[in-house]
Amino acid sequence: ITDGGHEFINVVFPSESKERKHDRAYAIEHWKDNAYFIATKGGVLLYDVKTKKIDFFEHNANNPKKTITKGICRLVYKDKNGKVWFSTSMGGLNVALERNEEETIQPYKHNGINKPVCKGDINPMYRSGGVVYWYGSLKSLLIKWSVRRKKTQVYNRSNGLPNDVIYGVLR
């Protein structure tokens with residue numbers, strides 16, 4: 001289906017079990033060339049619209065430091081420098097890395113600092129000037145993360161927010 005420069009493409013999965021695992025998509029972000037990251041119920045897909053190739057990124061309990069964290073992936077965010085971020089329902093951030101033309105998604109190296117203040121999955125994310133990220137969740141309000149200082153600052157009702165839920169961060 002094509003409409004005004006946009007096109008709907010039905011992804012064909014290699015097996016019924018893979019299709020069931022990834023049957024719900026939450027976000028899509030362009031990676032490069034013809035490839036798109038798709039955040040799903042079972043992790044992340046990297047789908048090439050031209051070749052129809054699908055790479056699956058799923059949590060592996062036997063290799064947790066080198067695979068995406070467990071849970072439903074609802075966030076895929078590409079910052080101004082092209083770094084792609086993901087968040088799953090088990091909390092914390094994940095990043096896409098490319099080594100020797102092979103992509104991996106693995107937990108962010110500073111999750112030990114971020115995860116304790118961010119309860120639940122991160123929904124919106126935004127990188128402002130410098131190396132400062134803003135993100136929020138359904139359980140832990142608005143968080144400012146300074147990469148340079150490796151510090152978080154939480155904004156909540158005492159700072160004037162109306163409740164504990166953050167659905168979006170405006171630029």
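**Pockets and sheet in a predicted model**

Second pocket first: the second largest pocket has a volume of about 190 Å³. A pocket here is an open set of points on a 1 Å grid over the protein atoms alone, where a 1.4 Å probe fits, with protein on both sides within 12 Å along at least five of seven lines. Its volume is the space filled by probe spheres set on the points, joined across faces, edges and corners.

This is a predicted model, with local features needing pLDDT of at least 70 and side-chain atom pairs pLDDT 80 or more, while totals for chains, interfaces and linings use all residues. Residues are numbered from 1 along each chain, and side-chain values use heavy atoms, without hydrogens and water.

Lining residues have an atom within 4 Å of a point. For the second largest pocket they include Trp31, Asp48 and Glu103. β3 and β5 each give two or more residues; strands are DSSP E runs of at least two residues, numbered from the N terminus. By class: 3 nonpolar, 1 polar, 6 charged. Asp, Glu, Lys and Arg count as charged; Ala, Val, Leu, Ile, Met, Phe, Trp, Tyr, Cys and Pro as nonpolar; the others as polar.

Now the largest pocket: about 520 Å³. Of its 19 lining residues, Phe8, Ile9, Val11, Ile28 and Ile38 are closest to the centre. The lining divides into 11 nonpolar, 4 polar and 4 charged. β4 gives the largest share, 3 residues.

On to the sheet. Four strands form an open antiparallel sheet, ordered β3-β4-β5-β6; pairing takes at least two DSSP bridges. β3 and β6 each have a single partner strand, so one side of each lacks a neighbour in the sheet. β5 and β6 pair over 4 bridges.
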